[in-house]
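My entries follow in the order I made them.

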Amino acid sequence: METQPRALCSQLTSQHGLCDVTLTGAFLSWKEAETCRRRAAGHAYDPRKAGAFKKGGRCVPLCEIVAVQETEGEDPGADTGERRSAPRSPAECNQHAFTVSYVERGRKHRWQCSEVTFRCTESRLCLQWLQAIKEQLALLTTRPKRLLVYINPYGGKQRGKRIYEQKVAPIFCRASISTDVIVTERANHARDHLKTEADLQKYDGIVCVGGDGMFSEVMHGLISRTQRDTGADQNCSGETLVECSLRVGIIPAGSTDCVCYATVGSNDPVTSALHIVVGDSQPMDVCSIRADDTFLRYSVSLLGYGFYGDMLTDSERKRWMGPARYDLSGVKTFLSHRYYEGTVSFLLADSNVGTPRDKLQCRSGCNICQQPSADKRLCGKEDRALDGEAKGAWQVIRGKFLAINAACMSCACPRSPKGLSPSAHLANGTVDLILVHKCSRLDFFRHLLRHTNKDDQFDHPFVEVYRVRQFRFTPRCQETASELELELREGDGVGRARFFSQICRKHPACGCMPTHSCWNCDGEILPHAGIEVRVHCQLIKLFARGIEEQTVFDDPYTLCAI
């Protein structure tokens with residue numbers, strides 16, 4: 001890494017005593033003055049050396065400084081709880097101080113806002129440090145200054161408003177971020193306000209306080225508003241949608257918070273608030289869903305037919321139980337062991353975006369998600385060529401399925417740390433399509449159990465997984481006459497039985513009307529069986545940076561590079 005020029009270096013006093021404090025264009029660092037004396041003996045100063053970061057030393061990337069402000073000079077022993085045995089001298093009484101608030105990492109990808117106060121004996125020196133740090137922070141143009149905040153007071157355990165007021169608002173205030181707060185009063189309040197009333201030109205981003213349902217509302221409103229303002233028609237199946245310019249921040253306050261967990265690595269409100277303050281940006285793919293050439297809705301995490309669709313349908317009847325309803329409905333749906341017949345057709349993605357079983361997890365700075373924009377242009381070409389040369393590349397699978405799942409991200413959550421598809425990527429223009437064929441209850445239980453451990457959940461003969469750019473599902477009851485004639489030509493009794501069964505399906509009085517599932521779309525019921533799904537590469541951006549590798553925590557200079 002190229003060495004950053006030194007901007008300012010002074011000996012200041014902190015709670016650890018006299019410190020050597022250095023500010024450059026990349027980081028702010030401080031260490032005990034004893035190390036400085038060793039340097040003065042003839043060794044050149046090099047903060048990269050391990051000795052510079054022993055006990056009492058810190059190195060904070062400039063991009064992770066939350067704020068700096070002047071504070072009144074206090075007793076140096078006050079921070080450590082020490083008692084002074086003698087009165088302070090006149091020099092100590094005239095001390096000037098400034099406090100730096102910065103991001104400090106904890107376990108399990110959690111962030112917290114820490115502070116350090118430096119004291120100067122001269123007012124001029126204190127002002128010089130304040131001005132230098134503020135000038136460096138002013139160069140960070142990606143940081144938001146004004147945000148539009150939507151709070152869902154009913155989601156999860158109904159703690160959204162309290163979480164925002166007690167944990168998030170003080171951080172925004174400290175970072176000098178102004179906010180316009182709207183507490184939603186009904187379902188789709190945020191979506192409708194974004195689509196029609198909100199003056200988006202005034203804001204640098206949008207924040208939603210709630211669960212995955214609240215984020216879905218904000219996402220739908222923002223995407224629809226962007227397409228309307230740019231003249232794009234989201235209802236047209238061949239339209240290339242325009243990327244949203246405003247970033248979205250998620251303050252988790254729901255039951256699962258899957259989107260937040262998969263993009264930040266934690267469902268901690270303070271961590272998410274700090275990602276917003278420092279101005280992180282993480283692009284994310286969005287799937288559009290259509291039925292009979294009619295646009296239905298968007299999805300960013302899970303599309304589930306069969307097991308997950310039935311479980312959600314049953315849990316919606318038990319909302320009075322709170323989050324516990326998911327456990328009860330999950331057990332009930334598992335014991336019912338229903339399967340559904342249909343046809344899945346899909347367009348495979350290119351090999352340069354990896355495979356669902358390559359064990360390459362999407363992390364902060366992911367190489368696959370940062371590939372050139374040529375991949376995004378390729379997505380558009382394939383979408384427009386469905387009736388042309390690309391049509392021949394579609395693969396078709398017919399069968400009986402216990403579950404058909406499509407994961408745009410890992411779908412990780414506290415109960416399933418690896419998620420539904422551990423190697424799914426956030427922004428590579430693909431979705432992982434998981435087909436679970438009919439099997440015994442014991443085999444299906446083994447498959448579900450692997451979502452909670454380190455075993456490969458795809459390593460079963462009844463499970464298929466593909467990385468695709470588009471896919472369609474047609475339930476058995478909606479298959480065309482040509483498909484039935486093809487089966488009839490097989491010449492066996494099964495083909496004839498299926499043919500006459502299809503005739504009976506036209507007459508509900510026969511009592512043989514087959515059941516079909518519905519789709520679980522990001523935790524919302526989609527009452528359609530036959531759908532077509534298309535991936536839009538990096539359509540929206542979040543105030544996030546992806547899940548960081550643990551090695552990043554131990555190397556502050558890697559953070560500076562990020």
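Is Arg-338 buried, partly exposed or exposed? I looked it up and found a relative accessibility of 40%, so Arg-338 counts as partly exposed. The model is a predicted one, and I read every entry below with that in mind.

**Entry: Asp-310 and Arg-338**

I checked the partner of Arg-338 next. The side chain of Arg-338 forms a salt bridge with that of Asp-310, at 3.4 Å from N to O. The two residues are 28 apart in the chain, and the pair links distant parts of it: Asp-310 belongs to helix H9 (residues 307-316), whereas Arg-338 sits in the loop between helix H10 (324-336) and strand E15 (340-348). Asp-310 has a relative accessible area of 10%, so I noted it as buried.

**Entry: helix H9**

I then went through H9 residue by residue. Eight of its ten residues are buried, so the helix is largely enclosed by the rest of the structure. The buried ones include Phe-307, Tyr-308, Met-311 and Leu-312, along with Asp-310 and Asp-314.

What does Asp-314 pair with? I found a salt bridge to Arg-317, with 3.5 Å between the closest N and O atoms. Asp-314 is at 6% relative accessibility and therefore counts as buried. Arg-317 has a relative accessible area of 59%, so I put it down as exposed.

**Entry: salt bridges overall**

How many salt bridges does a search of the whole structure find? I got 24. I also wrote down a network of salt bridges that links Glu-64, Arg-105, Asp-280, Arg-545 and Glu-548.

I looked at one further pair, Arg-110 and Asp-268, whose side chains meet in a salt bridge at 3.6 Å, N to O. This pair links distant parts of the chain, 158 residues apart: Arg-110 is in the loop between strand E6 (96-105) and strand E7 (111-120), and Asp-268 is in the loop between helix H7 (258-264) and helix H8 (269-277). Arg-110 counts as partly exposed because its relative accessible area is 41%. Asp-268 is at 10% relative accessibility, so I listed it as buried.

**Entry: Arg-143**

I placed Arg-143 in the loop between helix H3 (123-138) and strand E8 (146-151). I noted again that Asp-280 belongs to the salt-bridge network that includes Glu-64 and Arg-105.

**Entry: surface patches**

Which residues form the positive surface patch? I recorded Lys-157, Arg-159, Arg-162 and Lys-167. Lys-167 is part of helix H4 (residues 160-174). Its relative accessibility is 41%, so Lys-167 counts as partly exposed.

I recorded a nonpolar patch as well, where Leu-442, Phe-445 and Leu-449 make up about 280 Å² of surface. Leu-449 lies in helix H12 (residues 441-449). With a relative accessibility of 43%, Leu-449 is therefore classed as partly exposed.

His-109 is not a glycine, yet its phi is positive, at about 65°. I found His-109 in the loop between E6 and E7, and Arg-110 from the entry above is in that loop too.

Asn-188 also has a positive phi of about 65° without being a glycine. Where is Asn-188? I traced it to the loop between strand E9 (178-183) and helix H5 (189-196). Asn-188 is at 29% relative accessibility, so I noted it as partly exposed.

**Entry: Gly-354**

Is Gly-354 buried or exposed? Gly-354 is at 17% relative accessibility, and buried means under 20%, so I noted it as buried. I located Gly-354 in the loop between E15 and helix H11 (374-384). From C-alpha to C-alpha, Gly-354 is 9.5 Å from Asn-428, and the two are 74 residues apart in sequence.

Methods
Residues numbered from 1 in each chain as written. Predicted model: local features only at pLDDT ≥ 70, side-chain atom pairs only at ≥ 80, totals over all residues. Heavy atoms only, no water. Patch = residues over 30% accessible without salt bridge, like charges linked within 9 Å, V, L, I, M, F, W, Y side chains within 5 Å. Areas by Shrake-Rupley, 256 points an atom, 1.4 Å probe, with all protein chains shown as cover. Salt bridge = Lys/Arg side-chain N within 4 Å of Asp/Glu carboxyl O. Lys, Arg positive; Asp, Glu negative; His and termini not counted. Charge placed at Lys NZ, Arg CZ, Asp CG, Glu CD. Helix = DSSP H or I, 4+ residues; strand = E, 2+ residues; numbered from the N terminus. Buried < 20%, exposed > 50% of the residue type's maximum accessible area, 1.4 Å probe, protein only.
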